[in-house]
Amino acid sequence: MAETLKKIKVKRIIAMLIVVALGIFVWRACFAGGGQDGAAANSYLTAQVDRGDIVSTLSGSGTLEPADSYTVTTLTSGEILSANFEEGDTVEKDQMLYEVDSSDAASSLERAELTLSQAQRSYERALESQADLDVKSTVSGTVEELLVETGDDVTAGQELARVRDQNTMKLEIPFLAEDAQQISVGQAASVTLGSTFETLSGTVTAVSGANQVLTGNRIVRTVTIELQNPGAITDGTTATAQVGELSCAGSGTLQAKGSATITAPASGTVTGFYVSEGSRVSRDQALLHIDSDTVTDQVDSAYRTLRDAEIALENQNDTLEEYTITSPISGTVVDKAYKAGDTLEAGKTLCTIYDLSYLSVTLYIDELDISKLQVGQEVSITADAVEGETFAGTVTNISIMGTTTGGTTTYPVTVRIDDTGDLLPGMNVDCTITTASVTDVLRIPAGAVSRGNRVLVYGEDNGGDETIPEGYGWREITIGESDGDYVEVLSGLSEGDQITYQPAAPTDSFYDMMMGGGMGGMGGGGVVMDGTVVMTGPEM
């Protein structure tokens, strides 16, 4: 029974809706045009060419975004020691937000510093070994003998050359025996060179106890004096000496004190000589060169170890810095997830910061209109959330990276708002951009312009066309700017000319819903009442 009543109710509603729809159809047929002849007579509107202003605009909407935003995260974990800020606070770039316990990281940093120091010393020693492959003389003197040749393989410690040491010269000179008995080791002596008569200071290093007989039956003893070579003394230079008030009994010749043996610092191959036997050399002068793969490998290995230690220290420094978390931008804290005393987990969001120095909105402009825009254009902005206020914006960027959907391409256009008032990020706004503006120009209704920029003008020859109102004919014109309602006339019409046109068909949302563009257009449509579909086209 209930099902039967429900069906009866549905049928009544359907019948009522059909009656309403038919009533609207009859009204439109009878009163909106008066039949076919009435429609032909009344479907045209007349207007006169007048003067006025035309302002062309583009409109769009979008969601406000802050000038910049940053979500602060970190890979560090540990106890938060301090977090001296709150939501709503303004922070500066690089201002400290969080300090996390870094005791473990500090210990790791100290170990990395010690490792680097050791690696640096090892590398320096390796470089010294490499430098030693240019084998140098350990003394100043004369190269007595070169013990190897180019191409010889040598081992570490092998003798390479002998250099006669001429840094210290030795003078063995006779003193009368009775005078020699008064001389002791360590006494100062004056040595006079026979060639230049230059006097040098020396020291007594030995006094012989054996007597010798010189010509004239003079009994003498030999006294040995050593002196530093100023650089010009050579073996065989004659000299005399005096110790205190005692003078020598004859002259003597200066000789180098001894010779130094130069050895190989590492195993390798002799590749060349810088001196030859008999050459005079100074201390640290290079004698020959050795190539050593072993030393080269040691240097390379020491360098790699050093770089590893440097990188490890840099990483530890970076890690330690991560325990002090700073603000990446200047702005306002809009969210704070952790406070002092909390245990921080790596990868979690700590806080969010907005730069509210200005707001921006992105509009998506059709490809047919994008050429009308340029950076710097002013934009009028309104928001439902801030009633009664209009805000000024500026186009700051027009992207050339479009997005195509359904065969239509749109381009993102960024608008910046500096004086934001009560606007907030996340609010939806409507934007209007003036693309063109002309004043005091000839204009006609936009609907009066037909394809080919033609207009029906009173008094123009109709050419026998019976489909247009009597007394009117087509005329081509040149048009300019348009605001959608009016079109600027550049040529072809004069002020006061009378024109006629067919307005766009009116839209009646209820009628369209019911009729679907005609009674036969109701297929697939429907009306829902009390959760039940009570009318559908095909099933009626």
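This is a chat about a predicted model of one protein.

User: What is in the protein, in helices and strands?
Analyst: This is a predicted model. The protein has six helices and 36 strands.

User: And how much of the protein is buried?
Analyst: Of its 540 residues, 33% count as buried.

User: What share of the contacts comes from residues 24 or more positions apart?
Analyst: The share is 71%, counting contacts in the protein with a separation of 6 or more.

User: Which residues of α5 are buried?
Analyst: Val-295, Val-299, Ala-302, Leu-306, Ala-309 and Leu-313 are buried.

User: What do those buried residues pack against?
Analyst: The buried residues of α5 pack against α3, residues 103–131.

User: Where is Glu-321?
Analyst: Glu-321 is in helix α5, which covers residues 293–321.

User: Is Glu-321 buried or exposed, and why?
Analyst: Exposed, because its relative accessibility is 55% and the cut-off for exposed is over 50%.

User: How far apart are Glu-321 and Glu-99?
Analyst: In sequence, Glu-321 and Glu-99 are 222 residues apart. In space, the two are 9.9 Å apart, C-alpha to C-alpha.

User: Glu-99 again, then. What stands opposite Glu-99 in β6?
Analyst: Ser-82 stands opposite Glu-99. Two bridges join β4 to β6, and these strands run antiparallel.

User: How does β4 pair with β23?
Analyst: β4 is residues 78–82 and β23 is residues 343–344. The two strands pair in the antiparallel sense over two bridges. In β23, Thr-343 is the bridge partner of Glu-79.

User: In what order do the strands of that sheet come?
Analyst: The order is β21-β6-β4-β23. These four strands form an open sheet with antiparallel pairing.

User: Which strands stand at the edges?
Analyst: β21, residues 324–326, and β23 stand there. Each has a single partner strand, so one side of each is left without a neighbour in the sheet.

User: How do side chains sit in a regular strand?
Analyst: They alternate between the two faces of the sheet.

User: New topic: cysteines. How many disulfides does the structure hold?
Analyst: The structure holds zero disulfides.

User: What is a disulfide, anyway?
Analyst: A disulfide is a covalent bond between the sulfur atoms of two cysteines.

User: Is Cys-248 buried or exposed?
Analyst: Cys-248 is buried, with a relative accessible area of 19%. The cut-off for buried is under 20%, so Cys-248 makes the list. Cys-351 counts as buried too, at 0% relative accessibility.

User: Now the backbone. What is phi for Asp-94?
Analyst: Phi of Asp-94 is about 70°. The value is positive although Asp-94 is not a glycine.

User: Where does Asp-94 sit?
Analyst: Asp-94 is in the loop between β5 (90–91) and β6 (96–100). Asp-94 is exposed, with a relative accessible area of 52%.

User: And what is phi for Asp-284?
Analyst: Near 70°. Asp-284 is another residue with a positive value that is not glycine.

User: Which loop holds Asp-284?
Analyst: The loop between β19 (280–281) and β20 (286–291). At 51% relative accessibility, Asp-284 counts as exposed.

Conventions. Residues are numbered from 1 along each chain as its sequence is written. This is a predicted model: local features need pLDDT of at least 70, side-chain atom pairs count only at pLDDT 80 or more; totals for chains, interfaces and linings use all residues. Side-chain values use heavy atoms; hydrogens and water are left out. A disulfide is a pair of cysteine sulfur atoms within 2.5 Å. Buried means under 20% relative accessible area, exposed over 50%, partly exposed in between (1.4 Å probe, protein chains only). Contact means heavy atoms within 4.5 Å. Two strands pair if DSSP finds at least two bridges between them.
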